Amino acid sequence: MDRIDLVKRNAQEIVTEKELDELMEAKAEPSAYTGYEPSGKIHMGHVLTVNKLIDLQKAGFNITVLLADVHAFLNQKGTMEEVKQIADYNRRCFLALGLDPDKTNFVYGSDFQLGEEYMLNVLRLTCTTSLNRARRSMDEVGRTMDDPRVSQMIYPIMQSIDIAMLDVDVAVGGIDQRKIHMLAREGLPGMGYKAPICLHTPILLGLDGDKMASSRGNYISVDDDEATIKKKMKKAFCPAGEIVDNPVLQLFRYHILPRYEEVVFERPEKFGGNLTCNGYEELEKIFEDGTLHPMDLKNGAVKYMSLLLAPVREVLL
């Protein structure tokens, strides 16, 4: 896989691909960032963007990870002291998942977001952003948006200024970040900053086939042990032959197969013996045609997810 294919792998949207191609032709070491709002358990939805940062790192990008403690505070996720503790936990998890500690710049929001220049830029951008636009930008990621706080309206403005002040070429995030990123692309050039290229990853389904949510418990956490993963996978939505919106297949597409060149499904001889699969397209084909049973797919997911998350469990012990 060449550099550009590695960067685009498993991306749902790039705004714009032409700008990304030009950037990678012009710079041997472009820069990219993503921000994580510290808010409890790290699950595989978060890990999807970590995987993309690892791809970018392998493609020669300099990576900045913003541990957005101030954002979390504004979004009512706890006191500053509480969210800072969670941010430290997040950092340990991200490194254990495979980010290069020598090539990843971790920045706490509170390190620069309370400074004079930053706050002046936030106020400047509020002057050109309507209240409706700010609210729409937070619809996907905010809490209690039926009765929003003023702090939540400031949130997307701050995220745009983060991109400017960190001076990055590419902003990475889930597709739910799109409206905020578009606000940055439109608003920053008028302030003398470059418009970021935006790379968006999909939003993964929960194991029950519905939206992933901590309140539903339908996700795999990075500190789940093999027994916990097996228990959750046993109840996972996985209809035989169904390849669309199948959360177990999504684990292979977005988490397992980008890390393992081949996967082996262990089966008794009476059910055909072990089955080796190379690449997601092959996996999708043998599941759709019935060669691979849902239970074998689930058992394989338990095996490889446990291997993938073992380094995180070791760090957190």
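**Surroundings of tyrosine 155**

Leaving aside residues up to four places away in sequence, tyrosine 155 touches Glu37, His71, Asn75, Met138 and Ile180. The model is predicted. Within it, tyrosine 155 belongs to helix H8 (residues 150-166), and its side chain makes a polar contact of 2.6 Å with that of glutamate 37. Tyrosine 155 has a relative accessible area of 6%, which is under 20%, so the residue counts as buried.

**Annotated positions**

- The "binding site" annotation of an unreviewed UniProt entry covers Tyr33, Tyr155, Gln159, Asp162 and Gln177.
- Glutamine 177 is placed in the loop between strand E5 (170-174) and helix H9 (178-187); with a relative accessible area of 16%, glutamine 177 is buried.
- UniProt also lists Ser214 under "binding site", again in an unreviewed entry.
- Serine 214 sits in the loop between strand E6 (197-201) and helix H10 (226-234), and its relative accessibility of 61% is over 50%, so serine 214 counts as exposed.

**Aromatic pairs**

- Four aromatic pairs are found when the whole structure is searched.
- One of them joins tyrosine 36 and phenylalanine 94, whose ring centres are 4.4 Å apart; the planes meet at 40°, so this pair is tilted.
- Because tyrosine 36 lies in strand E2 (residues 31-36) and phenylalanine 94 in helix H5 (residues 80-96), the pair ties together parts that are 58 residues apart in sequence.
- Tyrosine 36 and phenylalanine 94 are buried.
- Phenylalanine 252 and phenylalanine 265 also form a tilted aromatic pair, with 5.5 Å from centre to centre and 45° between the planes.
- Phenylalanine 252 is part of helix H11 (residues 247-256) and phenylalanine 265 of strand E7 (residues 263-265), so their pair ties together parts that are 13 residues apart in sequence.
- Phenylalanine 252 and phenylalanine 265 are both buried.

**Lysines over tyrosine rings**

- Lysine 84 is positioned over the face of tyrosine 108, 4.6 Å from the ring centre.
- Lysine 232 is positioned over the face of tyrosine 219, 5.1 Å from the ring centre.

**Strands E3 and E4**

- Strand E3 (residues 62-67) pairs with E4 in the parallel sense, over five bridges.
- Valine 65 has phenylalanine 106 as its bridge partner in E4.
- Strand E4 (residues 104-108) is largely enclosed by the rest of the structure, because four of its five residues are buried.

Note on methods:
Residues are numbered from 1 along each chain as its sequence is written. This is a predicted model: local features need pLDDT of at least 70, side-chain atom pairs count only at pLDDT 80 or more; totals for chains, interfaces and linings use all residues. Side-chain values use heavy atoms; hydrogens and water are left out. Rings of Phe, Tyr and Trp (its six-membered ring) pair if their centres lie within 6.5 Å; planes under 30 degrees apart count as stacked, over 60 as edge-to-face and the rest as tilted. Helices (H or I, at least four residues) and strands (E, at least two) are DSSP runs, numbered from the N terminus. Buried means under 20% relative accessible area, exposed over 50%, partly exposed in between (1.4 Å probe, protein chains only). A charge sits over a ring if NZ of Lys or CZ of Arg is within 6 Å of the ring centre and within 35 degrees of the ring normal. Two strands pair if DSSP finds at least two bridges between them. UniProt positions are given in the numbering used here, feature names are shortened, and annotations may be inferred rather than shown by experiment. Contact means heavy atoms within 4.5 Å. A polar contact is a pair of N or O atoms within 3.5 Å; within protein, one must be able to donate a hydrogen and the other to accept it, and residues adjacent in sequence count only if both atoms are side-chain atoms.
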